[in-house]
Amino acid sequence: MAVAAPKGRTTASPLTSVTTTAWPGSLDSWFSWIPLPKWALITVAVAGAILLLLFLICLIKCCCRKKKPKKKERIGLCAVSNSTTTNLVQPEVEDLEREVEQKRRGKLQYSLEYNFRIQELKVGVKRAVELKAMDSGGTSDPYVVVYLTSDLKKRYETKVYRKTLNPIFNESFTFQVPQAEVSESTLVMQIYDFNRFAKHDIIGEVRLPLARVNLQHIIEQWSDLAVASKVEEEHLGEICFSLRYVPSTGKLTVLILEARQLKRMDSDGLSDPFVKVHLMLNRKKWKKKRTSVKKNTLSPYFNEVFVFEVPFSQIQNVDVVISVWDHDKVTKSELIGKLFLGCRATGNQLRHWSDMLSNPRRPLAQWHILQPPEVVDKALGLKSHLKLPLLSR
């Protein structure tokens with residue numbers, strides 16, 4: 001009996017009980033602590049994995065997008081810091097080609113002589129060399145147009161020389177330029193290619209501001225032909241006047257103050273200006289008044305006032321036409337320039353008229369540039385679509 005007892009003790013050894021118990025760190029032990037079924041835990045795990053994957057994809061895309069601007073920025077900084085890069089060299093090459101193209105237009109030789117006693121400018125057009133070929137045969141048919149910006153209507157032309165790039169003109173032209181006007185004038189010499197059946201092409205031009213030239217001596221020099229600038233409009237002058245309207249009384253007051261830099265109309269380089277004020281209704285002359293004549297001046301001072309009766313019901317249908325004339329006792333007076341104001345006007349004229357209507361009983365003065373008569377007449381003819389009855393006088 002003493003021997004049987006130890007054998008039974010050995011069969012009930014504690015090692016057998018340890019092998020049947022689960023390891024505390026296994027997944028089953030963790031799942032046993034969560035009060036959810038296994039299929040729910042698996043679903044949550046899969047959803048978390050998908051969200052993590054999407055987050056990583058978005059992160060990678062954001063990193064890629066940020067890298068591209070850095071590369072562009074790096075290129076831009078190099079282009080700025082390094083003057084020898086291709087990006088900066090190429091525009092310089094284009095500028096050089098443009099300069100060469102301008103130089104290829106040729107050169108013009110000319111002379112200037114001003115007679116202070118008789119206030120006369122003599123321009124000599126000598127010759128041109130290496131002109132740009134404008135015809136398909138590699139030649140041109142050049143001639144020169146000469147004028148002063150102070151008097152655009154007076155233009156001279158040389159003879160046309162056929163099929164040559166090196167014409168010899170040897171022609172001279174005379175301009176009457178008062179000494180006081182010399183510094184405000186620019187001499188323009190333009191070389192054209194003659195074409196019998198099409199518009200004449202301009203090869204190039206020389207612009208010479210007389211204020212930069214010493215006319216105390218005879219000048220003879222060469223100049224490179226430049227690209228022709230835009231054809232300038234003739235400067236007719238400026239006029240200053242005041243407008244005032246009182247709606248309660250229906251009185252429109254026009255005060256003609258002064259004018260300046262008017263176009264020279266007489267042979268002595270001056271004019272005898274006066275101003276006409278017309279009121280028009282439905283494109284027809286309605287009322288008119290005029291100032292006195294100011295003798296021998298291009299900057300007259302008038303300070304003359306005119307009052308017109310215009311009912312408030314008609315003020316928006318009225319055009320006020322201001323015209324400046326050169327008086328002549330022997331022949332008919334010549335029109336220098338004009339402009340009109342009203343609700344159908346544009347630009348500064350419309351602004352002046354609107355300010356007058358917005359400020360009743362208050363006189364408003366403003367300077368205006370005179371326009372060519374044909375431009376104003378055409379604008380007046382195209383306006384006013386309503387046929388309004390004329391007011392009784």
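View 1. I42 counts as exposed because its relative accessibility is 53%, where exposed means over 50% relative accessible area, buried under 20% and partly exposed in between (1.4 Å probe, protein chains only). This is a predicted model in which local features need pLDDT of at least 70 and side-chain atom pairs count only at pLDDT 80 or more, while totals for chains, interfaces and linings use all residues. Residues are numbered from 1 along each chain as its sequence is written, and side-chain values use heavy atoms, with hydrogens and water left out. I42 belongs to helix α4 (residues 38–81), and together with V46, I50, L51, L53, L54 and I57 it forms a nonpolar patch on the surface, with about 660 Å² of accessible area together.

**View 2. The largest nonpolar core.** This core (buried Ala, Val, Leu, Ile, Met, Phe, Trp, Tyr and Cys residues joined through side-chain atoms within 4.5 Å) has 32 residues, and those with the most contacts inside it are I239, L252, I256, V277, V310 and I322. Among the elements that each supply at least two of its residues are β9 (238–246), β10 (251–260) and α7 (347–358). Apart from this core lies another, of 28 residues, including V125, V144, F173 and V182.

**View 3. Y156 and F175, an aromatic pair.** Rings of Phe, Tyr and Trp (its six-membered ring) pair if their centres lie within 6.5 Å, and planes under 30 degrees apart count as stacked, over 60 as edge-to-face and the rest as tilted. Y156 and F175 are edge-to-face, at 5.1 Å centre to centre with 75° between the planes. Y156 lies in strand β4 (residues 151–157) and F175 in strand β5 (residues 168–176), so the pair ties together parts that are 19 residues apart in sequence. F175 counts as buried at 3% relative accessibility, whereas Y156, at 23%, counts as partly exposed.

Conventions. Patch = residues over 30% accessible without salt bridge, like charges linked within 9 Å, V, L, I, M, F, W, Y side chains within 5 Å. Areas by Shrake-Rupley, 256 points an atom, 1.4 Å probe, with all protein chains shown as cover. Salt bridge = Lys/Arg side-chain N within 4 Å of Asp/Glu carboxyl O. Helix = DSSP H or I, 4+ residues; strand = E, 2+ residues; numbered from the N terminus.
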